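Subject: Structure handover

Hi,

Here is the structure I promised to pass on. My notes follow below it.

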Amino acid sequence: MAKGKQKQARGRTAEAISAQVAGGLAELVPDRDRPRARTLLIDGAPQSHVDLDDPAHLDFSYQRRIGHIADLVAPPGKPVQVLHLGGGAFTLARYIAATRPRSTQQIVEIDAPLVQFVRAELPLESGWRIRVRGGDAREGLAKVPDGWADLIIADVFSGARTPAHLTSTEFAAEVGRALRPGGFYVANLADGPPLAHLKAQIATVRTVFPELCLTADPAVLRGRRFGNAVLLAADRALPVAELTRRAATDPHQGRVEHGRALDDFTGGAVPVTDADARPSPAPPPSVFE
């Protein structure tokens, strides 16, 4: 049961509320600029931002970059089939439901108490075709029929680290199996200098998908600070020019690496297999200060 000030109406609170979930202490913190918007934190680490009045609003830079990709996976407004590995506050599922009505979406989230907390405090609209499944992301992925998804989004963190079994070539092969031809795979990756994890993930995903690009804050790509990078992969040509334009005009400008520049960035990184996979690196404490 969520703690804090008594709710004035469903989804509306005067102060932050919290609940103990499997991943730690979950908090929903009000946004002073948006009356029905909340930021989800788990053990102090920001996870998601949701505006119940405007589900198409994406506040976090990495989520906005994933939103750009969702906009480009198919013609504007066309319904798509999407698999979300990792739920958080269902921000991206809400965005796709709002921008692509009649889309069919599945969310796989292992933290059942978190799902209950989010559903109670930030309810999904009844007309949205969003199904939330409990369980491990890789096990949930294995249950998806071959070629079902137009878009697969991997945004899975245990605490602030991506679990090891979601970083391997075997995992990437399962993603490729579940995607339809021409579909997009998107991964939210977190890393800091010397970016060894990020580079290894590019090499890993490349064993399955011939076309890749990477978008992130330039300071992250230069190895100057810890942060998020969004990797896009497919078996077809990517909308690099449009992604580059959108990233450059975001409130927090991003840069897109592709082709030779991405090869140079990756260097001699080696793909990761199940046998040698490790979780993504933990962020330094200063990231959340």
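How many aromatic pairs does a search of the whole structure find? The search finds two. Rings of Phe, Tyr and Trp (its six-membered ring) pair if their centres lie within 6.5 Å; planes under 30 degrees apart count as stacked, over 60 as edge-to-face and the rest as tilted.

Before the details, two notes on the source. This is a predicted model: local features need pLDDT of at least 70, side-chain atom pairs count only at pLDDT 80 or more, and totals for chains, interfaces and linings use all residues. Residues are numbered from 1 along each chain as its sequence is written, and side-chain values use heavy atoms, with hydrogens and water left out.

Aromatic pairs
- Phe60 and Tyr62 are tilted, because their planes stand at 45°, with ring centres 6.5 Å apart. Both are buried (under 20% relative accessible area; exposed is over 50%, partly exposed in between; 1.4 Å probe, protein chains only).
- Tyr185 and Phe209 are stacked, because their planes are at 20°, with centres 6.1 Å apart. Tyr185 lies in strand β9 (residues 179–191) and Phe209 in the loop between α6 (196–206) and β10 (211–216), so the pair ties together parts 24 residues apart in sequence. Helices (H or I, at least four residues) and strands (E, at least two) are DSSP runs, numbered from the N terminus. Tyr185 and Phe209 are both buried.

Asp51
- Asp51 sits in strand β4 (residues 45–51). Its relative accessibility is 4%, so Asp51 counts as buried.
- Beyond neighbours within four places in sequence, Asp51 is in contact with Arg34, Arg36 and Ala37 (heavy atoms within 4.5 Å).

Best wishes
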